[in-house]
Every structure is written in C-alpha cells, then in structure tokens.
Amino acid sequence: MYRRAVVAGALTVATAGCVDRLHDLAASTPRDLGVRSRYVDGNPLIDGQSVLDRPAEIVTHAASFRSSAAARNALRPDAAEARAFVDATAFVDDGGEAVFVVAQRLTAPEVELRLGAVSRTGDRSLRIAVDRVGVRGDVETDEPVVKTLLIRLTDERGPPERVVVSIDGDRAGVTV
C-alpha cells in the first residue's frame with residue numbers, strides 16, 4: 001500500500017492536472033475491468049435523481065446509466081464537467097462497451113471522494129469502494145453538501161448487472 005501511494009504521489013507531481021487518472025491507476029481493480037473516474041464537487045444530477053431526493057437518513061446514493069441519452073437527461077444543464085465525462089463515454093446501449101455510475105455522498109465541505117477499489121462480488125456484479133479524503137476520522141456537520149464521483153466501467157465479460165457502491169461503510173446498490 002505504501003509503495004502504491006508513493007508511486008501515485010510521484011506521478012501526481014510529474015503530471016500535474018491528471019490526478020483523477022492517477023488515482024484510477026492506483027486503485028485496485030481486476031485486470032479485465034477498465035475504470036475511469038472523476039471527482040465533482042457538488043451535485044450534477046437533476047432533481048429527483050440525486051442523494052438530496054432520498055430520505056434524510058440515506059447519505060450515500062448511486063445511479064447508473066447504459067445510454068448517453070439517459071445520462072445526459074439526468075444531468076443538470078450547468079454540469080459542464082459531468083457532461084464532458086459523459087460525452088467521452090462509449091455507452092453499451094449506443095454500441096460501446098461502457099456503463100456510467102454516479103456515486104454521491106452527503107458530507108462535510110472539506111471532504112473529497114476518490115476511487116478506492118473495484119472488485120467482483122459475482123459473475124456480473126461489482127463492488128466499488130470509494131475513499132473519503134481531505135479529513136481524518138469521523139466528520140460531523142450541520143450543513144452537509146453533496147460530493148460526487150463519476151465512474152466509467154468497461155468489462156471484458158460484458159456490462160455488469162449489479163453495482164454496489166461503498167463509501168465510508170455505507171452502501172448503495174444499483175441495477176445497471
């Protein structure tokens with residue numbers, strides 16, 4: 001783990017601006033999976049799709065999309081970074097190989113989300129561990145904000161049918 005962190009840190013300094021890609025490379029994933037992620041500070045999803053529209057006790061949320069039209073329709077018009085990530089995705093239903101997963105967490109403003117690991121939990125099921133960075137220990141806040149991690153998944157075995165996102169011990173499952 002330490003060696004992986006040192007390598008990721010050195011590469012981050014050497015390639016300033018490519019931090020998300022370096023975290024993807026450092027994340028533990030099976031070799032037949034292709035994973036790209038991008039952290040977005042805020043909520044790129046429209047009303048009715050995001051963690052803000054869930055019951056108050058639910059602080060972790062996941063959504064998945066198999067087509068560019070469905071993904072674009074779920075994004076706010078002003079979510080330029082998320083729209084650019086979607087535009088670079090070759091979706092399964094559009095003749096490509098990728099599915100798009102959005103992981104969201106209600107948390108303190110100083111927290112960021114990073115891809116931790118992707119593992120298989122079944123033949124067509126995946127578990128995505130998302131790390132909380134920027135703070136140590138438990139974080140309590142009276143005014144939680146939305147933090148989002150956009151994830152593009154390609155699998156040589158075919159698109160996953162079920163994805164479980166785990167952020168800080170809380171899980172959110174989604175059928176792709």
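Strands here are DSSP runs of E, at least two residues, and helices are runs of H or I, at least four residues, both numbered from the N terminus. Two strands count as paired if DSSP finds at least two bridges between them.

Before I go on, the ground rules. This is a predicted model, where local features need pLDDT of at least 70 and side-chain atom pairs count only at pLDDT 80 or more, while totals for chains, interfaces and linings use all residues. Residues are numbered from 1 along each chain as its sequence is written, and side-chain values use heavy atoms, with hydrogens and water left out.

Angles run from 0 to 180 degrees between N-to-C directions, and axes are lines fitted to C-alpha atoms, for helices over the stretch in contact.

Look at β4 and β5. They pair in the antiparallel sense over nine bridges. Ser119 stands opposite Arg127 in β5.

Strand β4 also holds Arg114. Buried or exposed? Arg114 is buried, at a relative accessible area of 13%. The cut-offs: buried is under 20% relative accessible area, exposed is over 50%, and partly exposed is in between, with a 1.4 Å probe and protein chains only. The side chain of Arg114 makes a polar contact with the side chain of Glu112, at 3.0 Å. A polar contact is a pair of N or O atoms within 3.5 Å; within protein, one must be able to donate a hydrogen and the other to accept it, and residues adjacent in sequence count only if both atoms are side-chain atoms. Arg114 and Ser37 are 77 residues apart along the chain, yet their C-alpha atoms are separated by 8.0 Å.

Now the loop between β7 and β8. Asp168 lies there. Asp168 has a positive phi of about 55 degrees, and it is not a glycine. Most residues other than glycine have a negative phi. Asp168 counts as partly exposed, at 43% relative accessibility.

Next, the other sheet. Four strands form an open sheet in the order β1-β6-β3-β2, with antiparallel pairing. The edges are β1 and β2 (60–65), each with a single partner strand, so one side of each has no neighbour in the sheet. Here too, neighbouring strands are turned by 20 degrees against each other on average, direction ignored.

Strands β3 and β6 pair antiparallel over ten bridges. Leu106 has Val146, in β6, as its bridge partner. Strands β2 and β3 are joined by six bridges and run antiparallel. Ser64 stands opposite Val101 in β3.

How many residues of β2 are buried? Six of the six, so β2 is largely enclosed by the rest of the structure. Thr60, Ala62 and Ser64 point one way; His61, Ala63 and Phe65 point the other way.

Now the helices. Helix α4 (residues 80–87) lies across β1, β3 and β6, running at about 165 degrees to β1. Contact means heavy atoms within 4.5 Å. In α4, Ala82, Phe85 and Val86 are buried. Seen down the helix axis, the buried residues fall within an arc of 100 degrees, so they line one face of α4. That arc is taken from the directions from the helix axis to the C-beta atoms. The buried residues of α4 pack against β1, α3 (68–74), β3 and β6.

Ser68 is in α3. Ser68 is buried, with a relative accessible area of 15%. Leaving out residues up to four places away in sequence, Ser68 touches Val86, Phe91 and Asp94.

Last, the cores. A nonpolar core is a set of buried Ala, Val, Leu, Ile, Met, Phe, Trp, Tyr and Cys residues joined through side-chain atoms within 4.5 Å. The largest has 23 residues, and Ile128, Val130, Leu149, Ile151, Leu153 and Val165 touch the most other members. Strands that each supply at least two residues of this core include β1 (33–41), β3 (98–107), β5 (125–133) and β6 (145–155). Another core, of 15 residues, lies apart from it; Val40, Ala71, Leu75 and Leu150 are among them.
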